[in-house]
Amino acid sequence: MALRLIPLLALLLVAGLAPLVLPAFHVTLLNYIGLYSLVALGLVLLTGIGGMTSFGQAAFVGIGAYASAVLTTQYGLSPWLGLLAGLAITLVVATSLGLLTLRLAGHYLPIGTLAWGLALFYLFGNLPGLGGFGGLQNLPNIELLGWQISGSADFAVLIGLLLAASLWLLDNLLHSRQGRAIRTLKESAGMAEAMGIDTARSRLQVFIIAALLAALSGWLYAHLQRVVNPTPFSVVMGIEYLFMIVLGGVASLWGALLGAALLTLIKQVLQDVLPQLFGHADNVEMIFFGVLVILVLQYARGGLLPVLRSVLPASRPRTLALDDAPALPRRSMPAAGKPLMVAQGLLKQFGGLVANKNMGLSVNAAEVTALIGPNGAGKSTLFNLLSGVLTPNAGQIIFNGQRIEGLSPRAIAHLGVSRTFQHVRLLGEMSVLENVALGAHARGKAGLLRSMLHLERKEEAALLAEATRQIQRVGLGEYLHTPAGSLPLGQQRIVEIARALCSDPLLLLLDEPAAGLRHGEKQALAQLLEQLRGEGLGVLLVEHDMEFVMGLADHIVVMEFGQPLASGTPLQIQQNPAVLAAYLGGVE
Ligand code: ADP
Ligand code: MG
């Protein structure tokens, strides 16, 4: 923990000492770097980590700046009220914009952000009372407990404090339950929903946080400059903020600072040099940045921070005392042998292709049911119907006494169904522990604020302790802090089982869990599944290894051409003439 604070303390030291040793002009540059860093931090969270590209962040900076400029110069109110107003307006605007545009997938969101970036820019220039494109002048000092914050040295301290605080809050967030959810947004939202995570909510949260950081930066900017006009809040600036995080490192908080520093310093140099080469022209440096960004995207996708980091000592993961963490509450298990999931008459068509037809099966508590059938028989489709990823065209599914067909994957996960995927869906750069902890998401409650302030230690320790237990239980205890993507595929499948178990499910759906496992690992997996069955769980698995299936399953359902061909005990299936002819054809 202490190790994580050292860079923050260093940042504060720089902010406090710089004015004592540097000329005022350099301190001003540092202040700008700090202000840009605040916006870039939000953008790292939104774009680099959350996967949502925004060209419109400068507009939120403008809201923060103009709100305080108007209230202080026109109404004589305190800058602190100006800050509150700016944050409140940003909250309302970002929530509305977020609700409108975040549902738009793919390229609609970036285009949407361009549209509002442009619209707000012209609004700043044309709204009566905002001083037109000339802007508003003579903003007052900020005063804090008798401290008059005016001049670049005072601002260096204030900006340093706020930047360090923002870094601390976001670092806490990213290492919390809420942060893990945010880290699924870019690539694995479908998996996250199957773990019971509300990804739409996480998206909106990230969007609002990024907007608030931008507004904070705008407030500081306005009072540092003491004038505001629309120019610094244009879409061009919105693009520069994106350049910053691309240069520094899209997915890392410190990359935001590095990118802001690089862009500011290089720009400063270029503005001195380029006019001598090109004569007097505006924004020639943007051409240079365009080329630079393309080069970085070609040769250092993750930005320059990862390059830097490879020569710096690695930062240690946050550690919590897990030993005395309280156990999480558990669901009560239905009686052994009681039907858990009963599906009947399921029909699923993809256009003209019928992937499931009149399909049904029953899975009981404390039993292992195996679903077998040739490739393309429709097994994964059935899994997707049972887990809510797909909605059947006809038929019904009852889980634990309740109709669930048509419910969302998240709702079904909350009822106690958990699953693994045929094509493993882990976050490769995240540790095994964090990946597995995603499965326990729905068992925690801590919200955004508590996570950012790290006031959720108790709950977080309980979630991580549960994840640790499940990882040890599946035999991967030595890989807790290993990036999940560096494990062999077979073991990644086992990590997915641990993640599914973390949700305390009543029913486990495992799509080809033994694929890629060696003989000894398969035996260990069979033992684990037997143990789970002993604890009362229902297990439905798809598997091709007949030895594995026949030795383990209580009940087997054979599927062919999307329909049930036979069902019964392993012995009955082995002797079923239809199965022998169609599926095991000629083996025995
Ligand atoms: P299995 O898991 O038994 O190998 P699947 O359920 O994956 O079989 O596939 C059953 C059939 O449905 C296949 O012909 C497959 O191509 C088709 N199919 C599966 N998913 C889709 C989809 N999303 N869109 C169109 N066709 C699909
Ligand atoms: Mg399949």
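What follows is a working chat about a predicted model of a protein.

Student: What does the secondary structure of the protein come to?
Tutor: In this predicted model, the secondary structure comes to 23 helices and 12 strands.

Student: And what box do the C-alpha atoms fill?
Tutor: Taken along the principal axes, the C-alpha atoms fill a box of roughly 90 × 50 × 45 Å.

Student: How many residues are there, and what share of them is buried?
Tutor: The protein has 588 residues, and buried residues make up 53% of them. As for the surface, the accessible area of the protein comes to about 25,400 Å², and 62% of that belongs to carbon and sulfur atoms.

Student: What about contacts, what share comes from residues 24 or more positions apart?
Tutor: Among the contacts with a separation of 6 or more, residues 24 or more positions apart account for 75%.

Student: Switching to charge, how many positive and negative side chains are there?
Tutor: There are 36 positive and 34 negative side chains, and the centres of these two sets lie 4 Å apart.

Student: How many cavities of 30 Å³ or more does the structure hold?
Tutor: The structure holds one cavity of 30 Å³ or more, and about 50 Å³ of space lies in the largest cavity.

Student: Which residues line the largest cavity?
Tutor: Its lining consists of Ala-194, Ser-387, Pro-409, Ile-412, Ala-413, Val-417, Ser-418, Arg-419 and Leu-509. Helix 15 (409-415) and strand 8 (417-419) each supply at least two residues of that lining.

Student: Let's look at single residues. Where does Leu-163 lie, and what does it touch?
Tutor: Leu-163 lies in helix 6, which spans residues 151-174. Leaving out residues up to four places away in sequence, Leu-163 touches Leu-11, Gly-34, Ser-37, Leu-38, Leu-41 and Leu-257.

Student: Is Leu-163 buried or exposed, and why?
Tutor: Leu-163 counts as buried because its relative accessible area is 4%, and the cut-off for buried is under 20%. As a point of reference in space, Leu-163 and Ile-209 are 46 residues apart in sequence and 14 Å apart, C-alpha to C-alpha.

Student: And where is the place of Gly-131?
Tutor: Gly-131 sits in the loop between helix 5 (108-126) and strand 1 (142-144). With a relative accessible area of 41%, Gly-131 is partly exposed. Gly-131 and Leu-12 are 119 residues apart in sequence and 36 Å apart in space, C-alpha to C-alpha.

Student: One on the backbone: what is phi of Leu-145?
Tutor: Leu-145 has a positive phi of about 50° although it is not a glycine. Leu-145 is in the loop between strand 1 and strand 2 (147-149), and it counts as exposed because its relative accessibility is 86%.

Student: What about phi of His-454, and is that residue buried or exposed?
Tutor: His-454, a residue other than glycine, also has a positive phi, near 55°. His-454 lies in the loop between helix 17 (448-452) and helix 18 (457-473), and at 2% relative accessibility His-454 counts as buried.

Methods: Residues numbered from 1 in each chain as written. Chains lettered and ligands numbered in written order. Predicted model: local features only at pLDDT ≥ 70, side-chain atom pairs only at ≥ 80, totals over all residues. Heavy atoms only, no water. Helix = DSSP H or I, 4+ residues; strand = E, 2+ residues; numbered from the N terminus. Buried < 20%, exposed > 50% of the residue type's maximum accessible area, 1.4 Å probe, protein only. Contact = heavy atoms within 4.5 Å. Areas by Shrake-Rupley, 256 points an atom, 1.4 Å probe, with all protein chains shown as cover. Lys, Arg positive; Asp, Glu negative; His and termini not counted. Charge placed at Lys NZ, Arg CZ, Asp CG, Glu CD. 1 Å grid on protein atoms, 1.4 Å probe; cavity = no way out; pocket = protein on both sides within 12 Å on 5 of 7 lines; lining within 4 Å. Points joined across faces, edges and corners; volume = space filled by probe spheres on them.
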